[in-house]
Amino acid sequence: MKLASLKEGGRDGTLVVVSRDLSRAVRVPDVARTLQDALDRWDETRGPLARVQDDLEAGRAADAFAFDPAACASPLPRAYQWADGSAYVTHVELVRKARGAQMPPSFWTDPLMYQGGSDRFVGPRDPIEAIDESHGIDLEAEVAVVTGDVPMAVTPEDAARHIRLVMLVNDVSLRGLIPNELAKGFGFFQSKPASAFSPVAVTPDELGPAWRDNKVHLPLLSAINGEPFGRPDAGVDMTFDFARLIAHAAQTRHLGAGAIIGSGTVANSDPSVGSSCLAERRMRETIEFGEPRTPFLRFGDRVRIEMLDGNGASIFGAIEQQVVRYQP
């Protein structure tokens, strides 16, 4: 299934089922008003939602309308939980290498994860609002999963059963604010503004053979101002798969239905595939040239994040955002 939330009906949007080619959609008020409602009652709603998907693909959905990603909020406009991991340890290793720091061996066996703000996500076509370019505005192209209810101390093997949906993320970072925040020893806060998610979230079966080992084995494409920036494969160099990340998040707490678990910046050790964030490119430049040469995002810059299937068709729809100066 492919599911999205329209910017209507209140803060949590209106749930729609979207055709596989992303051309049409249909509201499903008789099944669930919002995506969170559907996730809360997944055993009850997934069957009817799947039947709506079948009707939509067969042209039997009388209430279908043209699907417009610009009318979408993030699939979950707000969530009870947003925990972002750092599953691509080669990315972490590169960042530390650029500043001359050794990486603790535990980073290869114990995932890094932070708890992000989830009270308000921005839509896939909403602007990236920033106060000052000196904050070091950066994109971070990632993959995320949405869970059902997850019991505390779940094993990775059992955690995989609780994955409901997959989507893309732009986890915006303000690089200039990060060092001082981390130096306090309490983690990210001001340096992590609102994230944006892809127009559509999909059930893992929609990915076909690209979904295996609890990973998405496809390139994640990002572009800045229309120029290709990165295309690392999300299934390559992912040290911790999504089941492992979920188990880590649930080690000492239960997770509620609708919890979002992110992969962290998708990165490959092969530099020829580019990067998913400016910080990584700048680190490679620092290692090669002694200093970074690529600037962070500026007002007016445009970012695009997308993933295509084997036939070149967009799976989730594209995240397309412009950086704008916030006007109080």
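Trp82 has a relative accessibility of 1% and therefore counts as buried, where buried means under 20% relative accessible area, exposed over 50% and partly exposed in between, with a 1.4 Å probe and protein chains only. The model is a predicted one, in which local features need pLDDT of at least 70 and side-chain atom pairs count only at pLDDT 80 or more, while totals for chains, interfaces and linings use all residues. Residues are numbered from 1 along each chain as its sequence is written, and side-chain values use heavy atoms, with hydrogens and water left out.

**Aromatic pairs and charges over rings**

Five aromatic pairs are found in a search of the whole structure; rings of Phe, Tyr and Trp (its six-membered ring) pair if their centres lie within 6.5 Å, and planes under 30 degrees apart count as stacked, over 60 as edge-to-face and the rest as tilted. Two of the pairs involve Trp82, and their geometry is as follows.

| Pair | Centre distance | Angle between planes | Class |
|---|---|---|---|
| Trp82 and Phe121 | 6.4 Å | 85° | edge-to-face |
| Trp82 and Phe197 | 5.4 Å | 80° | edge-to-face |

Trp82 lies in strand β6 (residues 82-85) and Phe197 in strand β13 (residues 196-197), so this pair ties together parts that are 115 residues apart in sequence; helices (H or I, at least four residues) and strands (E, at least two) are DSSP runs, numbered from the N terminus. Phe121 is in the loop between β7 (113-115) and β8 (128-130), so its pair with Trp82 ties together parts that are 39 residues apart in sequence. Phe121 is buried, as is Trp82, and Phe197 counts as buried because its relative accessibility is 0%. Trp82, Phe121 and Phe197 form one aromatic cluster.

Elsewhere, Arg27 lies over the face of Phe65, at 4.6 Å from the ring centre, and the charged end of Lys192 sits over the ring of Phe188, 5.3 Å from its centre. For such an arrangement, NZ of Lys or CZ of Arg must be within 6 Å of the ring centre and within 35 degrees of the ring normal.

**Strand pairing**

Strand β20 (residues 302-306) runs antiparallel to strand β17 (residues 221-224), to which four bridges join it, and pairing requires that DSSP finds at least two bridges between the strands. Leu221 has Glu306 as its bridge partner in β20. β20 also pairs in the antiparallel sense with strand β21 (residues 319-325), over four bridges, and there Val303 has Gln321 as its bridge partner.

Helix α6 (residues 242-249) is largely enclosed by the rest of the structure, because six of its eight residues are buried. These are Phe242, Ala243, Leu245, Ile246, Ala247 and Ala249.

**Positive phi values**

Leu22, in the loop between β2 (14-18) and β3 (24-27), has a phi near 65°, a positive value in a residue other than glycine. Most residues other than glycine have a negative phi. Leu22 counts as buried because its relative accessibility is 15%.
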